[in-house]
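This report describes selected local features of one protein chain. The sequence and the structure come first, and the commentary follows.

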Amino acid sequence: PKLNDAQAMTVGVDGRLYVAGQDAIAVFGASGAEIGRFVIEGRPKCLTVANDGTLYVAFSDHIEVLDATGKQKASWAELDDQPYLTSIALQDEYVYVADAGNKVVIQYDQSGTILNSIGQKNEEQDVPGIEVPSPYLDLAVNDEGNLWVVNPGKLGMERYRSDGSIVTSWYRPEMLDLKGFTGCCNPTHVAFTQDGKLVTAEKGLVRIKIYDVTNGEYEELVAGSKLFPREQSLKDMVVDSKNRILVLDPR
């Protein structure tokens, strides 16, 4: 993508792919050719795009909102308590952001007001608490509008309602078994196919796999260590409108 330190990707309903790096966001068309570039300040950690082309760009401690031409519309307040934002997604009127530094998901409205913190341990509501041993915490909204959050320390997935209560969860600490997740904290990235299948990516022993998100049943291997022969971490992963799985590979 000809970017310094490319970190994050998102794809729009029109098929455009946005890739963010140091001081720039590059825009690519369906053919893979660059069709535009926005100048920004800093290095985004994650970003997402609304149906009207509005970009929500998260840096380590705050979010900026850009219009479809790349002009800044708003800069939301910086967060306290050593935040480290790693993932962002839209769900109806909400903006959800994963904060690996504070081990929570922050729920905003679209004006930048914080409404709730999700994922903190709550025994009364059966919320186990998000465990984040390393700076990876991802989330995604599926085709049914459900918010799914990785619990990387427990090696699995959790689904939450907008009020912060948990709907269901599943974990797959299977060591080297292909059907589960390995290491201290996986999967690092998740995305959904057009028909609602969960795509996962792992760090260390890099593997990209597909699961049924409802029950956590393993379905197939997309790519494994033969494609990624060296231990590493992918920077991001998205699924585009053609159901292609795109990964941002720093190596």
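Contact here means heavy atoms within 4.5 Å. The model is predicted, so that local features need pLDDT of at least 70 and side-chain atom pairs count only at pLDDT 80 or more, while totals for chains, interfaces and linings use all residues. Residues are numbered from 1 along each chain as its sequence is written, and side-chain values use heavy atoms, with hydrogens and water left out.

Tyrosine 84 lies in the loop between β8 and β9 (85-91), where strands (E, at least two residues) are DSSP runs numbered from the N terminus. Leaving aside residues up to four places away in sequence, tyrosine 84 touches Lys45, Ser60, Ala98, Asp99, Ala100, Gly101 and Pro135. With a relative accessible area of 29%, tyrosine 84 is partly exposed, a class that falls between buried (under 20%) and exposed (over 50%), as computed with a 1.4 Å probe on protein chains only.

## A four-stranded open sheet

Four strands form an open sheet in the order β5-β6-β7-β8, with antiparallel pairing; two strands pair if DSSP finds at least two bridges between them. β5 (46-49) and β8 (72-75) stand at the edges and have a single partner strand each, so one side of each is left without a neighbour in the sheet.

Within this sheet, strand β6 (residues 55-58) and strand β7 (residues 63-66) run antiparallel and are joined by four bridges. Alanine 58 has isoleucine 63 of β7 as its bridge partner.

## Lining of the second largest pocket

β2 (17-21) and β22 (245-248) each contribute at least two residues to the lining of the second largest pocket, and β22 gives the most, with three residues. By class, this lining has nine nonpolar, three polar and three charged residues, where Ala, Val, Leu, Ile, Met, Phe, Trp, Tyr, Cys and Pro count as nonpolar, Asp, Glu, Lys and Arg as charged, and the others, Gly among them, as polar.

## Backbone geometry in loops

Asparagine 186 and proline 187 are joined by a cis peptide bond, with omega about -5 degrees, and proline 187 is found in the loop between β16 (166-171) and β17 (189-192). Leucine 155, in the loop between β14 (147-151) and β15 (156-160), has a positive phi near 60 degrees although it is a residue other than glycine; leucine 155 is buried, with a relative accessible area of 8%.
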